[in-house]
Amino acid sequence: MSVLLPTTISGSLPKPSWLAPPEQLWAPWLLEGQALIDGKQDAVRLALREQEEAGIDIVTDGEQTRQHFVTTFIDALEGVDFAHRATVKIRQRYEASVPRVVGPVSRPRPVYVDDARFLVGETTRPVKYQLPGPMTMADTLADEHYGDRAALAMAFAEILNDEARELAAAGVSVIQFDEPAFNVYMDDVKTWGIAALERAAEGLECKTAVHICYGYGIEANISWKGGLGSEWRQYEETFPVLAASSIDQVSIEVANSHVPVELLGLLQGKDVMVGAIDVATNAVETPEEVAATLEQVFPHVPVEHVVPCTNCGLVPLSRDVARAKLRALGAGVALVRGELAG
Ligand code: ZN
């Protein structure tokens, strides 16, 4: 798109309280049957209107149709037992109840394509759709069949590619793969993680993006980040590999993060989704703070490659806080555009 500093969000927004209990991950649906289908669509409409009013240019469905960014996709696959879950430690940080892989994985039918078609039909703005990345999928389940994370991730990558091609054909402009695991398993990223990601994105006509992050603002992540030291240099290892990859856009959290901003220079040639909204605090940024965060990166990333964004998903926040943060992002970007226009 031609607008300077096109704004977007990582993906998720809080759900209305009539659809799912607020401020929790894996919140159960409060509706069923046709009422659930209708309720999800109404929630998508609300999420779109809130983004449009806030001045977000590349909009998402706020992940209103999924319970969780990884397990909802995995649950739709064959070879996976989601009725008898197992508890595993994910991202080496916290325990979660996850599906079990019990046989070869396959996608019996499209997972999000109908939802994406509905989303595209409800807005005139370009749409971004999020899929879990293959490494993060392999890290968010109990594998009792493959016994080899690289092989499992590559099987997921092939499934993701089929899904992504259909999403692009449905009118999606950007497909983003969420790979928080890229900040945890640095060696695996280089040996097979990027290869699996590129396989998932192979041949896509639309823009492709990868969202790497230090996670939602939940307690397990906040304490993990506390132990990472005063400078977070994990990206120093992954960015050069990503810069050499076929992926078009890479996200990074900048607001209130300890990521040295000069590391962004390692992403030459890529669009950089710059996280200018902290998702780990209820304090709402001022437009001036958003502008200052963005201006910090301009010495390292050409302005035409900057895509202002949130640090991560907003799903664990209250709706009021999330809405205010969206507006702060839009207003902050408007300030910067005004300054650049001189
Ligand atoms: Zn994230």
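1. End of helix α10. Gly342 follows α10 and has a positive phi, near 70 degrees. Helices (H or I, at least four residues) and strands (E, at least two) are DSSP runs, numbered from the N terminus. This is a predicted model: local features need pLDDT of at least 70, side-chain atom pairs count only at pLDDT 80 or more, and totals for chains, interfaces and linings use all residues. Residue numbers start from 1 along each chain as its sequence is written.

2. Length of α10. The helix covers residues 319–341, 23 residues in total. At 1.5 Å a residue it should span 33 Å, and its end C-alpha atoms are 33 Å apart, which agrees. The expected span is 1.5 Å times one less than the number of residues.

3. Burial in α10. A residue is buried if 20 or more other C-beta atoms lie within 10 Å of its own, exposed if 12 or fewer, and partly exposed in between; C-beta atoms are placed from the backbone. Buried residues of α10 are Ala322, Lys325, Leu326, Ala328, Leu329, Gly330, Gly332, Val333 and Val336. An α-helix has 3.6 residues a turn, so residues three or four places apart point the same way. The cover over the buried residues of α10 includes α1 (33–54), α9 (287–297) and β9 (306–309).

4. The sheet. Six strands form an open sheet in the order β3-β5-β6-β7-β8-β9, with parallel pairing. The edges are β3 (128–132) and β9; each has a single partner strand, so one side of each is left without a neighbour in the sheet. Neighbouring strands are turned by 25 degrees against each other on average, direction ignored. Strands count as paired if DSSP finds at least two bridges between them.

5. β3 against β5. These two strands run parallel and are joined by 5 bridges, with β5 at residues 174–178. Lys128 has Val174 of β5 as its bridge partner. Helix α5 (residues 149–169) packs on the sheet and touches β3 and β5; its direction makes about 170 degrees with that of β3. Axes are lines fitted to C-alpha atoms, for helices over the stretch in contact, and angles run from 0 to 180 degrees between N-to-C directions. Elsewhere in this pairing, Gln130 stands opposite Gln176 in β5.

6. β5 and its other partner. β5 and β6 (residues 207–211) also run parallel, joined by 5 bridges. Asp178 stands opposite His211 in β6. From β5 the chain crosses through helix α6 (residues 186–201) to β6, and this β-α-β crossover is right-handed. Right-handed here means that, with the strands pointing away from the viewer, the path from the first strand over the helix to the second runs clockwise.

7. Burial of β5. In β5, 5 of the 5 residues are buried, so the strand is largely enclosed by the rest of the structure. Both faces are covered. Val174, Gln176 and Asp178 are buried on one side, and Ile175 and Phe177 on the other.

8. The nonpolar core. The largest one has 99 residues. Those with the most contacts inside it are Phe156, Leu167, Val172, Ile175, Val272, Val274 and Ala276. Its largest share, 10 residues, comes from α5. A nonpolar core is a set of buried Ala, Val, Leu, Ile, Met, Phe, Trp, Tyr and Cys residues joined through C-beta atoms within 7 Å. Not counting residues up to four places away in sequence, Phe156 touches Val105, Pro134, Met137 and Ala138. Contact means that the C-beta atoms of two residues, placed from the backbone, lie within 7 Å.

9. Val297. This residue is in helix α9. Val297 counts as buried because it has 21 C-beta neighbours inside 10 Å. Leaving aside neighbours within four places in sequence, Val297 contacts Val254, Val261, Leu264, Val274 and Val306. Leu264 is 33 residues from Val297 in sequence and 7.5 Å away in space, C-alpha to C-alpha.

10. Gly55. This glycine lies in the loop between α1 and α2 (71–75). With 15 C-beta neighbours inside 10 Å, Gly55 counts as partly exposed. Leaving aside neighbours within four places in sequence, Gly55 is in contact with Thr7, Gly330, Val333 and Ala334.

11. Leu5 is not a glycine, yet its phi is positive, about 55 degrees. Leu5 lies in the segment before α1 and is partly exposed, with 18 other C-beta atoms within 10 Å. Glu63, also a residue other than glycine, has a positive phi near 55 degrees. Glu63 sits in the loop between α1 and α2 and is buried, with 25 other C-beta atoms within 10 Å.
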